[in-house]
Amino acid sequence: MNNKEFQTELAQRLGVSQKRSAELMKGYVDTLVQQLVDTDELPFFSMGTFEVKQKEQRIIVNPSSKKRMLVPPKLVLNFKPSAKLKNKYKDVK
Amino acid sequence: MVKITNTSILSAFRKQVGISKVGEIAFAEAFQSIFEEALLRDKILKISGLGTFKLVPVESRKSVNVNTGEEFEIASHYKLTFTPDVALKDKVNEPLAHLETVELDSDVVVEKVVEEQVIHQNTSDETQEVAHLQDDPLQKLTEQALELKDILADIQGLGEQVEIQQPAEEIENIVLSDQSDLSDLSDLSDHSDSSGSSTSSDQSNLSDSQQKLVSAQDIVAAINREDTAPNSKQSKVWIGVAIILFVGIVGLLVYQNLDFFTSSPKNELNTPIIADTEQSLVDSTIQIETDSILAQELKVDTTEVLESQILVDSSLSIDKTSPIYSEQFPDLFNQKREYTEFVDTVTLNEGSRLTWISLKHLGHKDFWVYIYEANMDVISNPNSIRIGTKLRIPKLPSELIDANNPQTLEYAKYLHDVYVKK
């Protein structure tokens, strides 16, 4: 399902216009993203948590030129599904 | 750090879009159920601004219960993965986005390690202490990264982002200064290399190297004066480190030249070695020490030396090594080493290392220098030997390869420096 289908579904369920549901979606996602910048753990309803983690710097070797490079540390966003959701999808066949 | 809950997110959301509390709850419920159903149906869900959620199949696999040791099978199932949008990914990484991949020059690192050894051998306790401080540049970077992490955590707690740039710039500066130090080092080692080769190549360079020695001594004096000034700030530590390394190199230079002066009367005896390819035997490094008892035992024969000199003249073969003589070591080491008896032959294959062969056959990896000495006719550069080369493992007097005697190890390291620097 893509974003547009999600919006349509949401509009139907809430009984609001497409435009309004798109607004709501965008509003919610924007709120999430704003919070993400300030914190490194963020709940996503009961579906899980978003986590910001720091990946340590590491040395890589270019296999063809054998040059050693130092890759700097970086921050990445992970999603950790809740146990409830995980179990729900485990049984999907 | 304040823990953010669903409630706080939703209240911020309510303010932003202007929705009633009832509507908000309805939205939350609808959102969750659509999310779960969409994933069940399509196995993929894209939410713009956030990313893609995907159900990925995991194949069944065997596992073992760690408590009972029983084998059991983990059934195939789906797991939920999330890939953030590029925009979101960049936003999350914003505090560290300015960091770039740095290329490491491995040669420089190796040189630095060798020079550190020299420092440990030649300088006083005080300088050794400082040399310990000066570790691998990588480790420094890691420390910086940890510092940065701490600072970031603090800043994130306060919700301020502006100051993040500051420590990052510091890191860059340190990286830069590190690199410049390294380049200094390579300059210095070039210098010492060139002078080292000039001393070993020809005696006519003696006056030349004397001059260099004088200038080096001047520099040492100048450095010592600088060194006594108080180094309070951290930035000065770098200068200190550079100075210490320089002192070490100058010390080595002086040391090599000392060899020349002290042994110059004997130089005629001390000269060449021939790799006699016809007999596949190496008349190796010839070192003569007059007072040596052990040397007498091994019957150092001056006529043989003369013969070999004649051979050198007639065959015009190239000297592969210079005699190694040092007053620092006892007479045991400063004697002629002949490699006529061999205990084993090793054929090099890919991944072979002289040090490993040495560890296997001679009991310690530092004794590779003797294998090198015994095989100088087939090894031109100990750092790169052709695959397939057959190496003969020489039979050595047991006191020379006594791994429990620190002096033998020290001497082997000294030889290592001589051969590697050559």
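This report walks through some strands and hairpins of chains A and B in a predicted model.

**Chain A**

Let us start with the sheet in chain A. It is open, has 3 strands in the order β1-β2-β5, and pairs them in the antiparallel sense. The edge strands are β1 and β5 of chain A, each of which pairs on one side only. On average, neighbouring strands of this sheet are turned by 25° against each other, direction ignored.

β2(A) covers residues 48-55 and joins β1(A), residues 41-44, over 4 bridges. Within this pair, A:E41 has A:E51 as its bridge partner, and A:P43 stands opposite A:T49. β2(A) also pairs with β5(A), residues 74-81, over 8 bridges. Here A:V52 has A:L77 as its bridge partner.

**Chain B**

Chain B has an antiparallel pair too: β1(B) and β2(B), the latter spanning residues 51-58, share 4 bridges. One place to look is B:I44, which stands opposite B:K54 in β2(B).

Which residues of β1(B), residues 44-47, lie on its covered face, and which on its uncovered one? B:L45 and B:I47 form the covered face, while B:I44 and B:K46 form the uncovered one.

The table sets out the turn of each hairpin.

| Hairpin | Residues between the strands | Residue with positive phi |
|---|---|---|
| β1(A) and β2(A) | 3 residues | A:F45, near 50° |
| β1(B) and β2(B) | 3 residues | B:G49, near 90° |

Notes. Residues numbered from 1 in each chain as written. Chains lettered and ligands numbered in written order. Predicted model: local features only at pLDDT ≥ 70, side-chain atom pairs only at ≥ 80, totals over all residues. Buried ≥ 20, exposed ≤ 12 C-beta atoms within 10 Å, placed from the backbone. Helix = DSSP H or I, 4+ residues; strand = E, 2+ residues; numbered from the N terminus. Pairing = 2+ DSSP bridges. Axes fitted to C-alpha atoms, helices over the stretch in contact; angles between N-to-C directions.
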